[in-house]
Amino acid sequence: MTQLSTNQDFIDLENRVAAHNYSPLPVVVEHAEGIWVTDVEGRRYLDALSGYSALNFGHRHPALVQAAKDQLDRSTLTSRAFHNDQLGPFCAALSELVGKDMILPMNTGAEAVETALKIARKWGYLVKGVEADMAEIIVMDGNFHGRTTTIISFSDDPEARDHYGPYTQGFVSVPYGDLAAVEAAIHDNTVAVLVEPIQGEQGVKIPKEGFLPGLRELCTDRNVLMVADEIQAGLGRVGTTLACQYEGVEADVYTLGKALGGGIVPVSAVAADADVMGVITPGTHGSTFGGNPLAAAVGKAVCDLLASGGHQENARAWRASSARPWRPSSGRASRRCGCAACGPASTSTPGCCPARRPARRSRSRACWPRTRTARRSGWPRR
Ligand SMILES: Cc1ncc(COP(=O)(O)O)c(C=O)c1O
């Protein structure tokens with residue numbers, strides 16, 4: 001193979017041999033530390049993308065790297081056919097952090113969402129008493145929960161959905177933040193409402209103040225599980241450990257991912273109390289890598305960082321010093337998300353968090369460097 005040295009050399013190679021499912025910016029990162037990345041030609045960039053929220057603690061946080069290194073020297077994969085000495089401590093730490101009895105570890109965010117959907121359906125049949133194969137789950141317009149066939153079945157983004165049918169049944173979508181629409185959509189077979197506390201796919205959408213508490217009340221009244229997808233908004237980003245907590249809400253089920261792996265390994269999880277998680281029994285769900293000791297060791301170190309409250313405090317401080325503080329009141333898409341990563345980025349750039357791909361119409365207002373190439377290649381998609 002010819003010697004690769006410039007950004008273009010690596011891009012040309014990648015374009016030849018890697019599938020074109022992304023359209024990245026023309027920067028080939030070789031080294032990363034904290035909020036900085038350096039490309040193969042020695043150019044340094046402030047990374048405001050934050051790994052689509054997987055780098056809430058920055059690149060290569062020393063405590064997380066140390067936890068990974070220590071575990072690499074001990075064991076990395078046991079499969080769940082054996083126990084390992086990292087899984088219990090990780091689940092205990094995460095359970096304590098998010099206030100739920102039990103944790104089901106997976107790897108990617110989409111797997112955590114799939115797992116939560118399966119748990120909700122099974123809870124519907126075994127606990128709520130829904131007729132076989134009739135369970136329905138309410139989702140929100142403009143959602144983003146990942147890329148699996150079931151998840152894109154209830155996406156309204158044609159780019160994510162088109163040509164992947166036939167689609168999975170059993171979902172009904174209502175306008176995001178519209179409590180009356182949720183109420184109207186609930187019927188006897190409804191088992192869950194799946195909601196992102198803040199949406200991030202079509203611009204950053206913060207629901208109107210009172211939506212999450214109202215949804216909580218509605219779900220309790222109608223015996224429906226409130227499933228909060230905290231994969232992007234959670235784990236310290238908005239100044240509370242979970243984004244739902246910003247409005248003092250406790251969901252029945254949380255999906256977590258991204259920053260749970262500290263940007264080092266893919267770690268995701270579903271958290272729920274025993275009356276819900278109890279529907280999962282041996283052989284009914286699993287993953288070869290889910291709960292592996294390396295992931296568990298890093299996940300536990302992430303929980304320890306968050307347990308100190310410092311990162312949440314940091315996000316709150318950025319929000320307080322921001323020109324347009326984040327608060328759950330507008331109900332409209334905003335270009336400023338107020339997250340921990342967005343704080344410093346917003347002070348040095350005119351727009352907001354480049355981690356989000358804005359609605360296509362508002363692309364020209366983006367804060368990503370306005371080079372011709374950047375415009376042509378579009379925004380980095382999740
Ligand atoms: C809210 C939300 N849920 C789920 C996912 C899917 O996570 P993953 O890409 O790890 O599968 C994402 C990814 O962007 C997300 O933002």
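This is a predicted model: local features need pLDDT of at least 70, side-chain atom pairs count only at pLDDT 80 or more; totals for chains, interfaces and linings use all residues.
The volume of the second largest cavity is about 40 Å³. The number of cavities of 30 Å³ or more is 3.

Two packed helices are described by the angle between their axes and by the distance between those axes. Helix α3 (residues 62–72) packs with helix α11 (residues 293–307) at an angle of about 155 degrees, and their axes lie 9 Å apart. Because angles over 145 degrees count as roughly antiparallel, α3 is roughly antiparallel to α11. The crossing of these two helices, α3 and α11, is right-handed. On the α3 side, the contact is made by Ala 63, Leu 64, Ala 67, Ala 68, Gln 71 and Leu 72. The α11 side contributes Pro 293, Leu 294, Ala 297, Val 298, Ala 301, Val 302 and Leu 305. The contact of α3 with α11 has 12 nonpolar residues, 1 polar residue and no charged residues.

Helix α4 (residues 87–98) also packs with α11, at an angle of about 30 degrees and with the axes 8 Å apart. Angles under 35 degrees count as roughly parallel, and α4 and α11 are therefore roughly parallel to each other. The crossing of α4 and α11 is left-handed. In α4, Leu 87, Pro 89, Phe 90, Ala 93, Leu 94 and Leu 97 meet Ala 296, Gly 299, Lys 300, Cys 303, Leu 306 and Ala 307 of α11. This contact of α4 with α11 has 10 nonpolar, 1 polar and 1 charged residues.

Key
Residues are numbered from 1 along each chain as its sequence is written. Side-chain values use heavy atoms; hydrogens and water are left out. Axes are lines fitted to C-alpha atoms, for helices over the stretch in contact, and angles run from 0 to 180 degrees between N-to-C directions. Helices (H or I, at least four residues) and strands (E, at least two) are DSSP runs, numbered from the N terminus. Angles under 35 degrees count as roughly parallel, over 145 as roughly antiparallel, 65 to 115 as roughly perpendicular and the rest as oblique. A crossing is left-handed if the near helix is turned anticlockwise from the far one by less than a right angle, and right-handed if clockwise. Contact means heavy atoms within 4.5 Å. Ala, Val, Leu, Ile, Met, Phe, Trp, Tyr, Cys and Pro count as nonpolar, Asp, Glu, Lys and Arg as charged, and the others, Gly among them, as polar. On a 1 Å grid over the protein atoms alone, a cavity is a set of points where a 1.4 Å probe fits but cannot get out, and a pocket is an open set with protein on both sides within 12 Å along at least five of seven lines; lining residues have an atom within 4 Å of a point. Grid points are joined across faces, edges and corners, and a volume is the space filled by probe spheres set on the points.
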